[in-house]
2 protein chains.
Amino acid sequence: MSAEFDLIDRFFSRRSRRALLGVGDDCALWQAPAGMACAVSTDMLVEGRHFEAGVDAESLGHKALAVNLSDLAAIGADPAYALLALALPSIEESWLQSFAHGLFTLADQHGVELIGGDTTRGPLCLCITVIGHVPADRALRRDGARPGDDVWVSGTLGDAALALSGTGLSGEAARFCRDRLDRPQPRMALGQRLRELAHSAIDISDGLAADLAHVARASGVAIDIAAESLPKSAALASCADRPRALECQAAGGDDYELAFTASVSNREAIGALGRELSLPLTRIGTVREGHEVRILDLHGEALAFARAGFDHFES
Amino acid sequence: MSAEFDLIDRFFSRRSRRALLGVGDDCALWQAPAGMACAVSTDMLVEGRHFEAGVDAESLGHKALAVNLSDLAAIGADPAYALLALALPSIEESWLQSFAHGLFTLADQHGVELIGGDTTRGPLCLCITVIGHVPADRALRRDGARPGDDVWVSGTLGDAALALSGTGLSGEAARFCRDRLDRPQPRMALGQRLRELAHSAIDISDGLAADLAHVARASGVAIDIAAESLPKSAALASCADRPRALECQAAGGDDYELAFTASVSNREAIGALGRELSLPLTRIGTVREGHEVRILDLHGEALAFARAGFDHFES
């Protein structure tokens, strides 16, 4: 048996309970639940671009799956399966063990089965594909925002970007922000519940302003956000550089919170949902007719940021 | 709009006809046909490992999709969708245009819609995920081979490996073998029709002996192959180095033909299918009780090959 197959068997082969056929054949097979559409997303993470060389393997296993699950959350899908393609410069058992531990711990939390993949030698690169299920007419698409909708966001914004910003943070705040960057928590339960409450949703991977611009473009609407309303963690609130902190909230990436729009009539239900999930849900703006996204200060003036959002081809 | 999104829009965004939601949202959505299971496979191709630096972009686009579709063929699935994750060292429009042309030409031949993906800067690396549909109880799994089955293979063997072997070939034969290496044809129609005729199947990516070893292991059987019966192209037959040519047939990778096992009672039907598809289908051996794969010469002696099959971690 070759090293490749041995590797897959040892670290990534688990008997699947729900899939009809898991790791080890030409394809994996599964049956979608009756009445549900299938949802799929794929994300590639490259060393030196999406994560630093020498990053902790367990965190990387967590994050690689988390950013993919976040896409399922954003469309309101129930997570089900994942496939992992992995290029590695060499086989290091302890690294693989930690990576698999990080990945499977998160997968188990959300009932996700690893049903396939591919491993090869090459510059460190991960490509995860996730599959979930959602009633087709309840999917939280980017093109569903309507003028008059409230705009909401989950959790707090800007922590991950602040960890990368080089801004001096105290020990506790620095640790918190680093954890937000390295171990994002995909908002699966929120996404599933928003199927009944929201008109559109997106996960914040590239930065709030850039991601809301996708919603505005797809929906043919404008969005106004009140800068003062953006939810902030205690760590971010402790940052002395206020303009930098606000820029992280409005334009920093890697938050993996959900931004969504919903009818004004659902305000109370959304408030109750946040309390039920123990997850702050904050109303941050309004959808209106038009075609731009503005982040407004207390005087109603649009703010401009040097960094518009994360561009994977930026040098 | 950032360069990344612009890139996706320009080269890889096509309106999907069958999917509920294609490129451009957090996830793509589709509905599996009634009574069908979903099949999925993912493969990563790394420059310098799966293809040479400077390879023709159009061929690469073809091959990257072809090797994935071949996995769907091997399980007997109807191809439906693909997702493309692409790391590129830089954005070269002419390269992307040729790559997209190669990929979409093959996709169109098989009715495959590109419904999602990801692009990023990094060392050249492709990860394609393909999705198809197959009746769950008709899927051609690796674990279905039964003692007494015939072993069959489609097309000819060893041409791709011969192109890489450095063996001197004449102009015409060299071109033929190079084409077999660069532009494999996934055997979709054959895989679909074998749902009614075969007990097990696999596509030959790592080499006949290595791939049949997967079938033998999964099915708990032994397989005997008659070396003399292995189908050869005119190009391979013209190779003066007979031992090398045989090694390419038995242990070379990258053929992307289907090897399958079927009841003796289906010999006539399989012969007729080969004629209908204008694709040679050759009976090359027998499944028996046991647990090894042997390639036997005319005297019934097991042949040994220096190269057991393609190992993606081999140095």
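Mentor: Contact means heavy atoms within 4.5 Å. Helices (H or I, at least four residues) and strands (E, at least two) are DSSP runs, numbered from the N terminus. This is a predicted model, in which local features need pLDDT of at least 70, side-chain atom pairs count only at pLDDT 80 or more, and totals for chains, interfaces and linings use all residues. Residues are numbered from 1 along each chain as its sequence is written, chains are lettered from A and ligands numbered from 1 in the order in which they are written, and side-chain values use heavy atoms, with hydrogens and water left out.

Trainee: What is the mean pLDDT of chain A?

Mentor: pLDDT is the predictor's confidence in each residue, from 0 to 100. Chain A has a mean of 90, with 94% of its residues at 70 or more. The model's ipTM is 0.89 and its pTM 0.91.

Trainee: Which residues of helix 2 and helix 3 of chain B meet?

Mentor: From helix 2 of chain B come Ala57(B), Glu58(B), Leu60(B), Gly61(B), His62(B), Leu65(B), Ala66(B) and Leu69(B); from helix 3 of chain B come Trp95(B), Ser98(B), Phe99(B), His101(B), Gly102(B), Leu103(B), Leu106(B) and Ala107(B). That contact divides into 10 nonpolar, 5 polar and 1 charged residues (Ala, Val, Leu, Ile, Met, Phe, Trp, Tyr, Cys and Pro count as nonpolar, Asp, Glu, Lys and Arg as charged, and the others, Gly among them, as polar).

Trainee: At what angle do the axes of helix 2 and helix 3 of chain B cross?

Mentor: Axes are lines fitted to C-alpha atoms, for helices over the stretch in contact, and angles run from 0 to 180 degrees between N-to-C directions. Helix 2 (residues 57–75) and helix 3 (residues 93–109) of chain B cross at roughly 35°, their axes coming within 6 Å.

Trainee: In what order do the strands of the 6-strand sheet of chain B lie?

Mentor: Strands of a sheet pair through backbone hydrogen bonds, either parallel or antiparallel. Here pairing requires at least two bridges found by DSSP. The order in chain B is 7-9-6-10-8-11, an open sheet with mixed pairing. Strand 7 (200–203) and strand 11 (293–296) of chain B are the edges, each pairing on one side only. From one strand to the next, the twist averages 25°. Strand 7 of chain B runs antiparallel to strand 9 (residues 258–262) of chain B, joined by 4 bridges; Ile202(B) has Ala259(B) as its bridge partner there.

Trainee: What rotation superposes chain B on chain A?

Mentor: Copies are superposed by least squares on the C-alpha atoms of residues with pLDDT of at least 70 in both. The rotation is 180° with 0.0 Å of shift along its axis, at RMSD 0.0 Å. That is the relation of a two-fold axis. Of the interface residues of chain B, 100% are also interface residues in chain A, so the copies meet through the same surface.
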